Amino acid sequence: MKKRMIISKEMVTFAELNKQSMMKRTILTLVTLLSLLSAWSQTDEISKEQADKLNAITLKLMEQKRYDDAIKAKERELVILKSLYGETDSTYIKQFAFSAKLYYRNEQAAEAASVIEKAANLYATHVSNNDAMYAYYLDNLSLYQLSTKDCAKAAENCRKALTIYEKLGRNDYDLAIILMHMAEASHDIDQTSEAIKYEIRSLNLIKKICGEHSDEYIDELPYLHKYYTAVNDEKNAKQVEDKITGLKKEKEDGIVDLTETIIFKGVEECREHNGE
């Protein structure tokens, strides 16, 4: 029998006061950020420091899910970066690509697709058309295109991303994500048999990296069930359904997995995964 913690009235009162204090601080922080954003103008000093401040404001606004304001902050940052470095510099391109994520979270998938496509083209022309970052941009483009039901282009761009990333020889979680997007795109263009192959590859990677009792693995299994169902493979669909039920029960019982340690091949690869 697990012991239950009894919380006194005093403890509850303190918790409520602490919650109210946190809410007030959050509101004050947001008001401050919006004031700084409103005060900024085109006549302000053009500097990397100013761009960094706007980037910090953007991230804070994202945390508050104030995507309209975050987009405005990022646009102003991009004006500065373009003035400082030009639009062909990787510093500008990176932040320009990031703005696509803001549009996507703001439920503007078409604008997100347009922005990331431009960023990908700039990157391919002026930086590289065969590295991991370019593959990420193409994969993001395919995701946004899937959201706008531009499925043929999504499949084409995701396939390009996969081809580039596979040549890098990395069997990591990023590859798993590209594979799951490739599966979704294949399904949406009526190539569900191919979708199943991509999805199984993705799941095998997630299982190796995160474990089969991880949320990442369990939450992805329904897509494999969906694809088996779409091709009327009832036997495999039922096996996946039973697998999901069994893993959830085992997880509730406290079963966890020991996953493999990820070893990065170099400093650049390590930087790309920094913060994960």
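Asp190 is exposed, since its relative accessible area is 71% (exposed means over 50%, buried under 20% and partly exposed in between, using a 1.4 Å probe and protein chains only). This is a predicted model, in which local features need pLDDT of at least 70 and side-chain atom pairs count only at pLDDT 80 or more, while totals for chains, interfaces and linings use all residues. Residues are numbered from 1 along each chain as its sequence is written, and side-chain values use heavy atoms, with hydrogens and water left out.

Back to Asp190: you'll find it in the loop between helix 8 (173–188) and helix 9 (192–210). Helices here are DSSP runs of H or I with at least four residues, strands are E runs of at least two, and both are numbered from the N terminus. Most residues other than glycine have a negative phi.

Asn232 is another one to look at, with a positive phi near 60° in a residue other than glycine. Asn232 sits in the loop between helix 10 (215–230) and helix 11 (234–252), and it counts as exposed because its relative accessible area is 64%.

Now for the loop between helix 9 and helix 10, where Glu212 lies. Is Glu212 buried or exposed? Glu212 counts as buried, because its relative accessibility is 17%. Leaving aside residues up to four places away in sequence, Glu212 touches Lys207, Tyr217, Ile218, Lys243, Leu247 and Asp257, where contact means heavy atoms within 4.5 Å. With Lys243 there's also a side-chain to side-chain polar contact of 3.2 Å. That term covers a pair of N or O atoms within 3.5 Å; within protein, one must be able to donate a hydrogen and the other to accept it, and residues adjacent in sequence count only if both atoms are side-chain atoms.

What about the cysteines? Cys151 counts as buried because its relative accessibility is 14%, whereas Cys210, at 23%, counts as partly exposed. Taking a disulfide as a pair of cysteine sulfur atoms within 2.5 Å, the count is zero.

Leu84 is partly exposed, given a relative accessible area of 35%.
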